Amino acid sequence: MTEFVRVRADAPDVARLLTRHFELMRSQSPPESCHVLPGDALNAPDITLYALRDADEAVAVGAIRKTDDGATARGELKSMHTAQERRGEGLARHLLRGMISEARSAGITVLNLETGAGEEHAAARRLYLSEGFRECPPFGEYISDPLSVFMTRGI
């Protein structure tokens, strides 16, 4: 049974999974199109990191960065990753729904995300679309990039 919990990036099991995520993202995109954060950056005060743990081992991680624009309480999903050996079990959906619920409880009304445009990110895009996200123009400091897909959802 997996447990949805708030975590720190320096917890050993979380750090291992975040390192795998960082290395995978860096291998799939050129540096100018890769927006993955290193694990230590996910301990920033404007970021809340979550994990699904199974038997005290992180099997999926994701973060919410608060990005309020003054008029709307916004958040950005960052570093969503499921351990390769656990994919296909519905963990990403479970994690995403937990994060949406946490964002709603924190007063966030709009969630945005950036993900890859390639085939290796197709499953992630399908998940986000199935959970109410829709494509949108770049937001925040992002710029248009053919290797990125930007998505948003009200909550």
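This is a predicted model: local features need pLDDT of at least 70, side-chain atom pairs count only at pLDDT 80 or more; totals for chains, interfaces and linings use all residues.
Student: How should I read a strand within its sheet, and which strands pair with S7?

Tutor: In a regular strand, the side chains alternate between the two faces of the sheet. In this structure, strand S5 (residues 110-116) pairs with S7 in the antiparallel sense over seven bridges, and Leu111 stands opposite Arg153 in S7. Strand S6 (residues 134-135) also runs antiparallel to S7, to which two bridges join it; here Glu135 has Met151 of S7 as its bridge partner.

Student: Is S7 mostly covered or mostly open?

Tutor: Strand S7, which spans residues 148-154, is mostly covered, with six of its seven residues buried.

Student: Which residues of helix H3 are buried, and what covers them?

Tutor: Within H3 (residues 122-130), the buried residues include Ala122, Arg125, Leu127 and Tyr128. The elements that cover the buried residues of H3 include strand S4 (74-82), helix H2 (91-105), S5 and S7. After H3 comes Gly132, whose phi is positive, near 95°.

Student: How is the packing of two helices described, and at what angle do H2 and H3 pack?

Tutor: Two packed helices are described by the angle between their axes and the distance between the axes. For H2 and H3 the angle is about 45° and the axes lie 11 Å apart.

Student: Which residues meet where H2 and H3 pack?

Tutor: From H2, Ala92, Arg93 and Leu96 meet Leu127, Tyr128 and Ser130 of H3. By class, this contact of H2 with H3 has four nonpolar residues, one polar and one charged. Two of the H3 residues named here, Leu127 and Tyr128, are also among those buried in that helix.

Student: What should I make of phi in the loop between S2 and S3, where Ala55 is found?

Tutor: Most residues other than glycine have a negative phi, and most peptide bonds are trans. Ala55, in the loop between strand S2 (47-54) and strand S3 (57-66), has a positive phi, near 55°, although it is not glycine. Asp56 has its place in that loop between S2 and S3, and its phi is likewise positive, near 65°.

Student: Are Ala55 and Asp56 buried or exposed?

Tutor: Residues count as exposed over 50% relative accessible area, so Ala55, at 71% relative accessibility, is exposed. Asp56, at 68% relative accessibility, also counts as exposed.

Definitions and conventions
Residues are numbered from 1 along each chain as its sequence is written. Side-chain values use heavy atoms; hydrogens and water are left out. Buried means under 20% relative accessible area, exposed over 50%, partly exposed in between (1.4 Å probe, protein chains only). Helices (H or I, at least four residues) and strands (E, at least two) are DSSP runs, numbered from the N terminus. Two strands pair if DSSP finds at least two bridges between them. Contact means heavy atoms within 4.5 Å. Axes are lines fitted to C-alpha atoms, for helices over the stretch in contact, and angles run from 0 to 180 degrees between N-to-C directions. Ala, Val, Leu, Ile, Met, Phe, Trp, Tyr, Cys and Pro count as nonpolar, Asp, Glu, Lys and Arg as charged, and the others, Gly among them, as polar.
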